[in-house]
Amino acid sequence: MWVFWPALALVSFVLHFIWEYVQCEAFFVHLRAPASMAAMLRATLGDLVLTALAWLGTALVSWNPRWPLQRWTPRVWLSLLGLALALSVAVELHALAMHWWRYTARAPRLPATPVSLLPVLQLVLLFPLSFGLARALTLRLSATPKPQPLKGASSWNG
């Protein structure tokens with residue numbers, strides 16, 4: 001897990017920052033401050049906190065804190081996707097109520113809600129992708145190469 005956490009932070013930061021930066025101007029109007037690089041960094045740091053909450057919630061539901069490094073069961077998938085949906089809707093409803101931003105006319109809405117579909121898709125797609133890529137990176141970095149016998153060397157240890 002010591003390799004996993006930095007890998008998750010790096011992968012998640014890059015993916016969420018790209019998502020925030022690409023979709024923000026076209027679909028969001030920031031009401032309190034301009035959509036600057038600092039605002040994108042703050043949003044990305046918030047996404048990292050949500051990623052940590054997704055890990056924690058899934059660890060509690062699966063009774064397994066090492067779940068990202070193991071085969072994902074249906075319980076893990078349901079927990080991860082359910083948390084993505086719940087966290088994204090909760091954050092968006094809070095931000096809208098606080099008048100931090102509003103959506104442009106082009107922003108697709110989640111049916112029967114005032115919430116944009118984009119933040120929901122962000123977490124539903126990027127949570128599993130972040131955990132999966134961090135797992136792959138961790139397993140690759142943690143793999144110890146097996147010693148290869150020297151060509152022509154004798155197996156006799158005498």
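Let us begin with one serine. Setting aside neighbours within four places in sequence, Ser79 is in contact with Gly57, Thr58 and Val61. Ser79 belongs to helix H3, which covers residues 74-97. Is Ser79 buried or exposed? Its relative accessibility is 8%, so Ser79 counts as buried. Please keep in mind as you look around that this is a predicted model.

## The overall plan

Now step back to the whole chain. The protein has four helices and two strands, and from the N terminus on these elements follow the order α-β-α-α-β-α. There are 158 residues, and 36% of them count as buried.

In soluble globular proteins, nonpolar side chains tend to be buried together. Here, the largest nonpolar core has 18 residues, and those touching the most other members are Phe4, Trp67, Trp72, Leu80, Leu123, Phe127 and Phe131. Which helices supply at least two residues each to this core? They are H1, H2 (37-62), H3 and H4.

Apart from its neighbours within four places in sequence, Phe131 is in contact with Phe4, Leu8, Thr51, Ala54, Trp55, Trp67, Pro68, Trp72 and Leu80.

The Ser88 side chain reaches the backbone oxygen of Ala84 at 2.8 Å. Beyond its neighbours within four places in sequence, Ser88 is in contact with Leu83, Pro119, Val120 and Leu123.

Glu92 also lies in helix H3. With a relative accessibility of 5%, Glu92 counts as buried. Which residues surround Glu92, leaving aside neighbours within four places in sequence? Glu92 is in contact with Phe28, Trp101, Tyr103, Val115 and Pro119. Val120, which is 28 residues from Glu92 in sequence, lies 8.9 Å away in space, C-alpha to C-alpha.

Arg106 sits in the loop between strand E2 (101-103) and helix H4 (117-142). Its relative accessibility is 60%, so Arg106 counts as exposed.

Where does Arg106 make its contacts, leaving aside neighbours within four places in sequence? Its partners are Ala26 and Phe27. The Arg106 side chain reaches the backbone oxygen of Ala26 at 3.4 Å. Although Arg106 and Phe27 are 79 residues apart along the chain, their C-alpha atoms are separated by 6.1 Å.

## A nonpolar patch on the surface

Leu10, Val14, Ile18 and Val22 form a nonpolar patch on the surface, and together they have about 380 Å² of accessible area. Ile18, one of these four, is in helix H1, which spans residues 4-27. With a relative accessible area of 48%, Ile18 is partly exposed. It does not count as exposed because that term requires over 50%.

## Two loop residues with positive phi

Most residues other than glycine have a negative phi. Trp63 has a positive phi, near 55 degrees. Trp63 lies in the loop between H2 and H3, and its relative accessibility of 75% means that it counts as exposed.

What is the value of phi for His99? The phi of His99 is near 60 degrees, again a positive value in a residue other than glycine. His99 is in the loop between H3 and E2. His99 counts as exposed, with a relative accessibility of 53%.

Methods. Residues numbered from 1 in each chain as written. Predicted model: local features only at pLDDT ≥ 70, side-chain atom pairs only at ≥ 80, totals over all residues. Heavy atoms only, no water. Patch = residues over 30% accessible without salt bridge, like charges linked within 9 Å, V, L, I, M, F, W, Y side chains within 5 Å. Areas by Shrake-Rupley, 256 points an atom, 1.4 Å probe, with all protein chains shown as cover. Salt bridge = Lys/Arg side-chain N within 4 Å of Asp/Glu carboxyl O. Buried < 20%, exposed > 50% of the residue type's maximum accessible area, 1.4 Å probe, protein only. Contact = heavy atoms within 4.5 Å. Polar contact = N/O pair within 3.5 Å; in protein donor to acceptor, adjacent residues only side chain to side chain. Core = buried A, V, L, I, M, F, W, Y, C linked by side-chain atoms within 4.5 Å.
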